Amino acid sequence: MEIENANCKTKVSECIDNVDMEQLCVDKPLKLDVEITGLDKLIEELHRVFSHSHVNIQDVQKLMLGYKSDPKDWRKYAKYDRFRYTRNLVDQGNGAFNIMILCWGPGHASAIHDHADSHCFMKLLSGSLEEVRYDWPDNVQPEVIKKMKRKAKRCCLESEDLENSDAKYTNGDKGNRQNGKENENCQIGGDNVNCEDEFDEFRENYDIKSMKEVGRTRMEINDVCYINDALGLHRMENPSHVDGAVSLHLYCPPFNSCRVFDARTGKPTEVKVTFWSMYGKKIKRVLEASDMVDGQQ
């Protein structure tokens, strides 16, 4: 299946039966063939796209790229806090997605975090941001990777069953038995996968070491980036100590919590995601996403 047909209306781990993981590793669509005039029009187009049962990743990316930032469109949603970045809900997307504006004061940054098996699209509206990507810690795996390994393990076992039914082993046959054990390696997509060692999901104790940074990208106005848990973890930061920044985020499916990671040890902690404002109005208390969903049903 081509990347254009990867469905971002479902969780990332639910895509792997129909699409290779390499096809989820996309950053930008191949070309821009749509122009969106205004934030309201972008939201309208997103509702149209997400009304279908299948939503192509690149269709969403093209819509996000097609909108050119205009402060008059989003200024009413831009609510800052002196001490930390804010998440300001713009549209709930009928439960299929949500779209929000994040405001970053000078020097503000997020923690290293995952995306709860969802798809994340981000567009820079004002200022400049830096995206820093990290590998997953060795002892923590996202659902999508665990499912990939379970799928590969099934392939190993099925291949092993076929070998057992088609061949008889002799004492002198060392091609399929070594020291009384069947060869546990099989070819998965051209790579050797060990059916025993590669499928241990967790180690008992954390291997205390710092998170491994694998990439750093400076985003400028109207740039769009995409990430999912198969691509790794990231943190966003405003590199300026003078100017603020504003970014537009779309998450599908929406999620109520995610994991943040200690940069020194890699240890994860699950946290609730919150909103600073909703639909342009600052709320009296920081509202959890689950509260917002319950209140809209």
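**Ground rules.** I number residues from 1 along each chain as its sequence is written, and my side-chain values use heavy atoms, with hydrogens and water left out. Since the model is predicted, I ask for pLDDT of at least 70 for local features and count side-chain atom pairs only at pLDDT 80 or more, while totals for chains, interfaces and linings use all residues.

**Confidence.** I looked up pLDDT, the predictor's confidence in each residue from 0 to 100, and found that the protein chain averages 79, with 67% of the residues scoring at least 70. Over residues 25-30 the pLDDT is below 50, and this stretch has 20 contacts in the model beyond near neighbours in sequence, a contact being heavy atoms within 4.5 Å. Residues 292-297 also stay under 50, with eleven contacts beyond four places in sequence. I note for myself that where pLDDT is low, the predicted coordinates should not be read in detail.

**Salt bridges.** I took a salt bridge as a side-chain nitrogen of Lys or Arg within 4 Å of a carboxyl oxygen of Asp or Glu, and the count by this rule came to 13. For accessibility I used relative accessible area with a 1.4 Å probe on protein chains only, where buried is under 20%, exposed is over 50% and partly exposed lies in between. Helices (H or I, at least four residues) and strands (E, at least two) are DSSP runs, numbered from the N terminus.

I checked arginine 216 and glutamate 237, whose side chains meet in a salt bridge at 3.1 Å, N to O. This pair links distant parts of the chain, with arginine 216 in strand E10 and glutamate 237 in strand E12 (residues 233-237), 21 residues apart. Arginine 216 is partly exposed at 42% relative accessible area, whereas glutamate 237 is buried at 15%. Salt bridges that share partners join Glu130, Glu213, Arg216, Arg218, Arg235 and Glu237 into one network.

I then turned to aspartate 135 and lysine 212, which form a salt bridge at 4.0 Å, N to O. Aspartate 135 sits in the loop between strand E5 (129-134) and helix H4 (143-166), and lysine 212 in the loop between strand E9 (191-194) and strand E10 (213-219), 77 residues apart. Aspartate 135 is partly exposed at 34% relative accessibility, and lysine 212 is exposed at 55%.

I also looked at glutamate 131 and arginine 133, which form a salt bridge with their closest N and O atoms 2.9 Å apart; both residues are buried.

**Aromatic rings.** I paired rings of Phe, Tyr and Trp (its six-membered ring) if their centres lie within 6.5 Å, calling planes under 30 degrees apart stacked, over 60 edge-to-face and the rest tilted. The count by this rule is five aromatic pairs. Phenylalanine 50 and phenylalanine 97 form a tilted pair, 4.6 Å centre to centre with 35° between the planes. Phenylalanine 50 lies in helix H1 (residues 39-50) and phenylalanine 97 in the loop between strand E1 (86-91) and strand E2 (98-104), 47 residues apart. Phenylalanine 50 is buried at 4%, as is phenylalanine 97 at 0%.

The rings of tyrosine 85 and tryptophan 104 have centres 4.5 Å apart and planes at 15°, so I recorded the pair as stacked. Both residues of the tyrosine 85 and tryptophan 104 pair are buried. I finally found arginine 84 over the face of tyrosine 85, at 5.4 Å from the ring centre, the rule being NZ of Lys or CZ of Arg within 6 Å of the ring centre and within 35 degrees of the ring normal.
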